[in-house]
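Please look at the sequence and the model first.

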Amino acid sequence: MHNAPSVTYPLGRSRFQACLLGGYAAVAVAAFALWWHRTSLSDWRLLCFALLTLTLWSWAVGNWWRSPGGRLCWDGQSWCWHSSGVSVCGALRARMDLQFCLLLSLNTGAAKSVWLWAERAADAQRWRDFRCAVFARNATAVRPTDATQAVTNANIDILLRP
């Protein structure tokens with residue numbers, strides 16, 4: 001492949017991520033039930049385990065619920081994520097590939113990377129083009145300059161705000 005095709009792909013809450021959170025909850029409940037069955041109810045470690053697990057799961061579900069939707073665009077030169085009237089551009093990297101979904105990180109040069117889930121179900125017709133663009137070897141992104149760094153940081157904060 002010489003050039004990856006230009007593509008715009010919709011992103012939103014990931015059903016796969018929701019299933020992972022549900023699986024985590026099921027395993028935690030099973031571990032809690034087994035531990036409760038084998039120890040006394042007044043064991044302080046059991047209470048700490050339950051509180052920590054509930055806190056972490058609530059935080060993860062809250063982040064999933066607040067995950068912003070938008071469009072991820074490849075124009076042949078750079079990756080940009082557009083959401084709620086704000087755009088952030090940077091280098092895109094696939095962190096996990098399960099063929100039907102991708103976990104991506106958009107590195108804008110800022111301290112924060114934007115983590116995104118892309119699923120085939122969002123737009124099955126453009127999925128192949130999108131994957132080609134993500135994995136193209138010559139797909140280099142335009143890095144932000146120091147002058148745009150503050151604007152980029154502010155845009156990331158706006159995009160990730162609940």
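**Overall fold**

Of the contacts (heavy atoms within 4.5 Å) in the protein chain with a separation of 6 or more, 62% are between residues 24 or more positions apart. This is a predicted model, in which local features need pLDDT of at least 70 and side-chain atom pairs count only at pLDDT 80 or more, while totals for chains, interfaces and linings use all residues. Residues are numbered from 1 along each chain as its sequence is written, and side-chain values use heavy atoms, with hydrogens and water left out.

- The protein chain has four helices and six strands, taken as DSSP runs numbered from the N terminus (helices H or I, at least four residues; strands E, at least two).
- Along the sequence their order is β-α-α-β-β-β-β-β-α-α.
- Of the 162 residues, 33% count as buried (under 20% relative accessible area; exposed is over 50%, partly exposed in between; 1.4 Å probe, protein chains only).

**Core and helix α3**

- The largest nonpolar core has 21 residues, and Leu-72, Trp-79, Leu-104 and Phe-130 touch the most other members; such a core is a set of buried Ala, Val, Leu, Ile, Met, Phe, Trp, Tyr and Cys residues joined through side-chain atoms within 4.5 Å.
- At least two residues of this core come from each of β1, β2, β3, β4, β5, β6 and α3.
- Helix α3 gives the largest share, four residues.
- Buried residues in α3 (residues 127–135) are Trp-127, Phe-130, Arg-131, Cys-132, Ala-133 and Val-134.
- These buried residues pack against β1 (7–11), β2 (70–74), β3 (79–83), β4 (86–97), β5 (101–107) and β6 (113–119).
- Leaving out residues up to four places away in sequence, Trp-79 touches residues including Leu-72, Leu-106, Phe-130, Ala-133 and Val-134.

**Cysteines**

- The whole structure holds one disulfide, defined as a pair of cysteine sulfur atoms within 2.5 Å.
- This disulfide joins Cys-80 to Cys-89, with S to S at 1.9 Å; the link is right-handed, with 95 degrees about the S-S bond.
- Cys-80 is buried because its relative accessibility is 11%, whereas Cys-89, at 30%, is partly exposed.
- Cys-73 is too far for a bond, because its sulfur lies 7.1 Å from the closest cysteine sulfur, in Cys-80.
- Cys-73 is buried at 14% relative accessibility, and Cys-132 is buried at 19%.

**Surface**

- About 10,100 Å² of the protein chain is accessible surface, 60% of it belonging to carbon and sulfur atoms (Shrake-Rupley method, 1.4 Å probe; for residues, only the protein chains shown count as cover).
- Tyr-24 lies in helix α1 (residues 15–38) and counts as partly exposed because its relative accessibility is 35%.
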